Amino acid sequence: MDKNWSYLDSVIGFSFFYLVFSVVDIIGTLMKLDSFMTLMISAIAGASVLLLTLYLFVFRNNGLNNKREFYGQDIKQTILLGVTAGLILGCLGAISIVMEGGGVFSLLSMEYLIDNLLPTGIINKILFILFFVVLIPLIEEYYFRGFMLPAFGKKFGLLIAIIITSIFSSVFLSGSIAFVFLFISSIAFGFLAEKTQGLYSGLIGHVLMNLIIVFTIVIKGGS
């Protein structure tokens, strides 16, 4: 029998993600892998769980009735909103990095990311950029804004759904980047998804934001 995707299904998927992410992280630490490699392997394993969850609960059953479309309604507005949000959030992140988390920017601190996750060597830096600028935004927008947000919205309404979804998606990378910064950006991407009725705007904003942050880290340098 076909099964419709619900908010509980999205929570189950995230729970399995976090379990796998944590187990792989522990294994990587025990194997004495460096921080960047451990995070990459953990995140890829966790993201695979999210995609597997969507397959088991959604695509295999043909029961999906509340997912976000990709492009949305107005492509010009979609691009403009995405670029604007990405520039604003990316500049906030860049200022926090330049200010080294001083003053009010301590709430947006990326100290752990700068000190522990910036790899050395050209190949590793390319992987670092692809990981943060391509993989993370794609998986995060696809799962949290594409599937979790509509499911929670159908049950609890838009505002509550955006807040709850933002909490979940902020945990996705909290520890490497301040939770407050992740929460603010997730709120913005949630409203973008609702405003444009698609994922493209949020994905553009997310990629641009991460690109600015990574570029700032690479230029400023880390250990």
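## How α6 and α7 cross

The crossing of α6 and α7 is right-handed, meaning that the near helix is turned clockwise from the far one by less than a right angle. Their axes lie 8 Å apart and the packing angle is about 135°. That makes α6 oblique to α7, a label for angles that are not under 35 degrees (roughly parallel), over 145 (roughly antiparallel) or 65 to 115 (roughly perpendicular).

## About the model

This is a predicted model: local features need pLDDT of at least 70, side-chain atom pairs count only at pLDDT 80 or more, and totals for chains, interfaces and linings use all residues. Numbering starts from 1 along each chain as its sequence is written, and side-chain values use heavy atoms, leaving out hydrogens and water.

## The chain and its core

The protein chain has eight helices and zero strands; helices are DSSP runs of H or I with at least four residues, and strands are E runs of at least two. Of its 223 residues, 45% count as buried, which is under 20% relative accessible area with a 1.4 Å probe, protein chains only.

The largest nonpolar core has 46 residues, and Leu113, Phe132 and Ile213 have the most contacts inside it. The largest share of this core, 13 residues, comes from α5. A nonpolar core here is a set of buried Ala, Val, Leu, Ile, Met, Phe, Trp, Tyr and Cys residues joined through side-chain atoms within 4.5 Å.

Technical notes. Buried < 20%, exposed > 50% of the residue type's maximum accessible area, 1.4 Å probe, protein only. Axes fitted to C-alpha atoms, helices over the stretch in contact; angles between N-to-C directions.
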